Amino acid sequence: IDNILDLATVDAGIADMKPEAQDVRTLIEKARAGIAATFPDVDGEAPLNLEIDIAEELPPLYADGTRIVQVLYNLLSTAARFSEPGGKVKLSVIARGQRMIFTVEDDGAQMNEEMRAALSDRSDSSHASARQRGAGLGLAIVRSFVHLHGGTISVERREPRGSRVVVSLPLNAGLATTAAE
């Protein structure tokens with residue numbers, strides 16, 4: 001319900017964004033904690049092999065921290081849903097120019113067209129299965145929150161298996177929000 005409300009406020013143009021200086025490592029830890037709670041160990045075996053690669057000395061990211069955690073959590077949980085138990089999911093973060101680049105890669109099933117559509121146009125994903133609709137909603141939220149921050153998102157298929165999602169955010173989303181207004 002919260003996800004649907006979030007989308008509705010963004011679609012209505014009334015989403016309230018609170019950009020503040022964020023420590024990217026802290027945001028990632030919060031998303032990782034959510035993943036650990038969602039995908040708990042089963043009989044002592046980790047259901048997900050999550051690898052985090054954060055570049056040294058990242059600049060601060062001026063963004064809405066709660067929404068960035070949601071973006072990261074949704075990307076990681078979608079990758080986990082499409083990966084085999086114990087499958088590898090990698091999150092890497094680098095700063096390039098005036099942008100922060102988050103990349104999530106998995107070695108699971110490749111993202112299908114309905115899932116890709118959720119990142120570009122939610123109306124194209126109406127025929128997805130129940131499991132895919134759940135992931136599609138998460139990806140639609142990713143798309144909305146990334147655009148709200150003035151960022152971009154792209155999806156690529158990896159060979160022979162898996163997907164790569166790249167989110168590029170301006171280092172100062174407050175400037176992007178002011179420009180949009």
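**Glu105 and its surroundings**

Hi everyone, let's start at one residue: setting aside neighbours within four places in sequence, Glu105 is in contact with Lys88, Val89, Lys90, Arg158, Ser163 and Arg164, where contact means heavy atoms within 4.5 Å. This is a predicted model, with local features needing pLDDT of at least 70 and side-chain atom pairs counting only at pLDDT 80 or more, while totals for chains, interfaces and linings use all residues. Residues are numbered from 1 along each chain as its sequence is written, and side-chain values use heavy atoms, with hydrogens and water left out.

Back to our glutamate. Glu105 sits in strand 5, residues 99-106; strands here are DSSP runs of E, at least two residues, and helices are runs of H or I, at least four, both numbered from the N terminus. Is Glu105 buried or exposed? Glu105 is buried, at a relative accessible area of 15%, where buried means under 20%, with a 1.4 Å probe and protein chains only. Its side chain also makes a polar contact with the side chain of Arg164, at 2.6 Å; that term means a pair of N or O atoms within 3.5 Å, one able to donate a hydrogen and the other to accept it, and residues adjacent in sequence count only if both atoms are side-chain atoms.

Zooming out, the protein chain has six helices and seven strands, and buried residues make up 45% of its 181 residues.

Now, confidence. The chain's average pLDDT, the predictor's confidence in each residue from 0 to 100, is 79, and 69% of the residues score at least 70. Over residues 121-134 pLDDT is below 50. Where pLDDT is low, the predicted coordinates should not be read in detail.

Technical notes. Buried < 20%, exposed > 50% of the residue type's maximum accessible area, 1.4 Å probe, protein only.
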